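The exercises below are meant to be worked through with the model open beside the text. Each one sets a task and then follows it with a solution in steps.

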Amino acid sequence: MRVIAPDQLTMGWSERVGPRRYAARVADVVDLVRALEVDRPVWIVAQDWGGAIAMGVAVDHPELVAGLVLSNTGIAVPEGRRSPWLIRLAATFGVHRVATRDTALFVRGTGWLSGRRLTRAQRKGLALPYRTRASRKAVSEFVADVPFDDRHPSAATIASVADRVSALCVPVRLVWGSRDPVFNDDFAEDLRRRIPHAELHRIGTAGHLAVLETSVAPSVEAAIAEARHVAPDDRSAETGVRPMWFEVLQKASLSTLAVSDAAADESATHAEFADRVARYATALSERSVKPGDRLAVLVPPSIDLLAVVYACWRIGAVTVVADRGLGLRGLGAAVRSARVAHVVGPGRAIAAARTLRWAPGAQMLSLASMSGAAPAGGLAGLGLPEPHPCDPAAVVFTSGATGPAKGVRYTHGQLCAQRDALRAMYGIGADDRFVAAFAPFAVFGPALGMVTGLADMDVTAPATLTAKALDDACSRIGATMVFASPAALANVVRTASGPLTALAGVRLVMSAGAPVPIDTLRAVGRLCPSAALRTPYGMTEVLPVADISLPDREAVGGGRGVCVGRPVPGCEVRIVSAEHTDGLAQRANGVTGEVTVRTPWMSDGYDRLWLTQERARPMDSATGHTWHRTGDVGHLDEQGNLWIEGRVQHVIHTPNGPVTPVPLEVIAESVHDVARAAAVGIGPVGVQQVVIVVETERRDHQQSRRVSFVPAGSALAAALRAALAPQSIAAVWTTDALPVDIRHNAKIDRTALGSTMERLLSGSSR
Amino acid sequence: MRVLVTGAGSALMGGVAAQLARRGDDIVCLQRRAVTLPDDVRFSQVNGDLRDLDAVLAATEGCDAIIHGAARVGVVGGWADFHSVNVEGTGHVLHAAHRHGVGRFVYVSTPSVAHTGESLVGTGAEPASTGRKGAFYAESKAVAEQMVLGENSEQMAVVAIRPHLVWGPGDTQLVGRIVERAKAGRLVMVGSGSALVDTTYLDNAVSAHVAALDALRVGAPCAGRAYVVANGEPRTVHELVEGICRAAGVPFEPRHVPARVARGIGSVVERVWPRFREGEPPITRFVAEQLGTAHWFDPRPARDDLGWEPTVSLDEGFARLAAWFAA
């Protein structure tokens, strides 16, 4: 690949040739490409003013351009927004000359916009060509060329480009630092509106100079690679799918219990619940919520939450459900990234969303304001059009345990397929009654035709679910099924005392979200003696992928990693190279690689993260099928069981080849005195050494105190090395708290731990 | 094959001579004082000083290869002392090699030739650097290594092997000093003792040099290059010293000295000690840095180019050391 990195004339290190207006700069690029005799169309990577120039080149000379990667730029001021105040200020008479030419304020300010996200060297480099007043003349002229009214000499040219970009046929990829006070998310949306096929990759942690703050090269490589193959449209019209609200509608006339909320001591019959759904659907529709609109649901787990979600689905609005387990900041970042048109929630949540500017410009709908009368004819009589199975239904968020929370898009068809997979997998029938101690699962209850119960617990901390609260929730509906996260189950086991009669009647307990310790399952088994204990494996993007029962897990015994059971019927699992070396070629049984899956209930993809999407959703060129790379590494055994060995980014690359952490951790945790273990790599990739860090006593509650790391005593170190032989272990340390995620208290941040250990073992101060 | 081994008085070079002799090579040893090797080893020896060109020429006559391991080590002495043995003496060996048409030259170097005082984490054999102040041993070895690698040609293939911290039965440099200090209750741990350091068990260091000799020929990938060799099992300084003390049956009761203090004292000692005292000083800046910062290396170049991998693990090494002390 040939890379051409020109300076604009009169800018950077190029010659100072006098003022150049927008049209001249567009012509400069065309001249350069021709003068260099580039014999094929070029990709233009451009930022800020360069983006406007690149768009000008693309519309005037489409034959020269293969594609555009644009970052924090714009071609027009978005509707309902004034031009960027910083540029406007810089262009104001008086301020203009002082800021841009007499002083280096503008030049340095550009670097300051990105703050500490730029290195000192980068900041210095940006300002270096503009050290003298004369050299800054060009900066002054460039700012003066930004048109703020129609009489400006460049205004007509730029307006004409803005009108014509919609006709662009080449791929357009947007890489956007959303912390940019100048070209913020509104500008990205403006470009998406103008160029419907433009794909956005939004970087929540980067600003105006996203191309410097993060590495732009992977985006460009991915964009070019992606454009080589055309994504197939295998979304053949799905018909005959029973919609998510089907069961709610079917039971709309029943006066038996449908939903129970133990925390609020509230319940609703099937008829009441269907009415409530209809009421919200009507109210939302009246408040101009249209099909396809995104709506942030900030309702805490309650009957209202379920009713609002089903109302949205019924009218075709897209629910954006961010759970409070992400923390307030994470929740805000999630809502902001989804760019919702409406926010619905109780008064307090609305006030928070408004104060914290989670959704500027969105309509705020308080729950209380929507309590109108139920429409005549109820849910069945709603005259509103129904969404198609291919229409978007929901954006849900990953836990963010391994990076910032990512939005994942689901269509109605995909949610329905997920519902049907769960029904088949767990033999869910008409008599089942379900308590969910995890809100996103509770939402599936009514769709599965189950009486649904919500337990009294702090949703921000699953480990607060007590045995008594769970038993109480079960007794209210006579539950046959329970879903709880591993951390919640662990707390149930810990707090179990006295008679828990309702738990004894449960036939099925499910737990997912993080690895479930086998001892926790056994203890749950003693509380629920008639229950089957099942642990589905999957992730926000695809669930379920596999499933295993406690007896099967005990029968399988030990192996390399953690056995998550056989793939669920209808879900294909392939183990492929994690290093992307041989595409999607299937590895032999027993060989470790990245777990890659394909199933009808796979989500549509990531939201506003095309680069992530491109990496995680490779296409099998032979079949045209899209697969999902889970980011987990593991293998399939001879019996077809899937074993998980860790995360791709946690694989330890030693001189003797890659080593996966989970198999080592499983062995380490079998050593006496070890409650929990982490295996991390230190040093450069390819030369890494394995370090084991263990907790010697189990801590289920995070305690806010200084965490210390100390070398393990020689007896413990020797015992662990003996157990892990022949793997060489450079060091064994103990800690009082491994870094784990807040939501599950189980996913170890091995990357952070590796950095800590590398520092501690480098000989620098503790 | 007739091979000249210089410096066979050390545990490492004596081991190299013995292994080559046992497999049938014709061995000549050159060192200042007569050495004794195990009874089953057949070899001849020339006793002489590297600074004596005639002695070197005499020993080299008829040799096909040279493994040059003789050097002045330690911290006692001035630059002239180190230079005359390690630089000029190596020059004599190179001269003799040319004179007698020796085709292969293995230079026994040290990782400290590229030592910058920073921690080394998984790095390869960086080029030797010169110009350091003090640290005469490392400086003289660096000058000599550059000289030797510069002699790689179509007539003679050369390679430099840098074994990192060799230890084992009979080793006086590392094991000897640690045991002596532990016995005297003067064991000092620089910093927290948590710097990860790779070491080389004696037998592995020996086999690495034999492997280098076998892999070396004109045009071979290793010709003209330097390789760090080590066990590939870095451990914390604390664990290493504890392991050696346990094997020797001496108490492990170190006093901890902050890294910065140790470096400071070491700097002063390095300058002052040679003028007033004889014998080894308690600490030098170089040793303080060695023990206070991480030092471990990329094992792949040696594995790929020399076809060498360690065969005795660290734990096996400790067991053998304990058996040797017990005997």
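Predicted model: local features only at pLDDT ≥ 70, side-chain atom pairs only at ≥ 80, totals over all residues.

**Exercise 1: the contact between the chains**

**Exercise 2: domains of chain A**

Task: locate the domains of chain A, and describe how domain 2 of chain A meets domain 3 of chain A.

Solution. Next, take the C-alpha centres of domain 2 and domain 3 of chain A, which lie 25 Å apart. Across this boundary, nine residues of domain 2 of chain A are in contact with six residues of domain 3 of chain A. On the domain 2 side, the largest share, three residues, comes from strand β26 (residues 642–647) of chain A, and the residues of that side divide into four nonpolar, three polar and two charged.

**Exercise 3: a sheet in chain A**

Task: work out in what order the four strands of the open sheet in chain A are arranged, and which strands are at its edges.

Solution. Reading across the open sheet, the order is β29-β30-β32-β31 (chain A), with mixed pairing. The edge strands are β29 (676–682) and β31 (709–711) of chain A, each of which pairs on one side only, and the twist averages 30° from one strand to the next. Turning to one pair, β29(A) and strand β30 (residues 689–695) of chain A run in the antiparallel sense and are joined over seven bridges; here A:Val680 stands opposite A:Val691 in β30(A). Finally, helix α27 (residues 714–724) of chain A lies across β30 and β32 (729–735) of chain A, and runs at about 130° to β32(A).

**Exercise 4: two helices of chain B**

Task: decide how helix α3 (residues 79–99) of chain B is oriented relative to helix α4 (residues 136–149) of chain B.

Solution. The two helix axes come within 9 Å and cross at roughly 20°. Because angles under 35 degrees count as roughly parallel, α3(B) is therefore roughly parallel to α4(B). The crossing of α3(B) past α4(B) is right-handed. Among the residues that meet are B:Trp79, B:Phe82 and B:Leu94 in α3(B), and B:Phe136, B:Tyr137 and B:Met147 in α4(B). By class, this contact of α3(B) with α4(B) has ten nonpolar, five polar and one charged residues.

Key. Residues numbered from 1 in each chain as written. Chains lettered and ligands numbered in written order. Domains from an automatic or database assignment. Contact = placed C-beta atoms within 7 Å. Nonpolar A, V, L, I, M, F, W, Y, C, P; charged D, E, K, R; others polar. Pairing = 2+ DSSP bridges. Axes fitted to C-alpha atoms, helices over the stretch in contact; angles between N-to-C directions. Parallel < 35°, antiparallel > 145°, perpendicular 65-115°, else oblique. Left-handed = near helix turned anticlockwise from the far one by under 90°.
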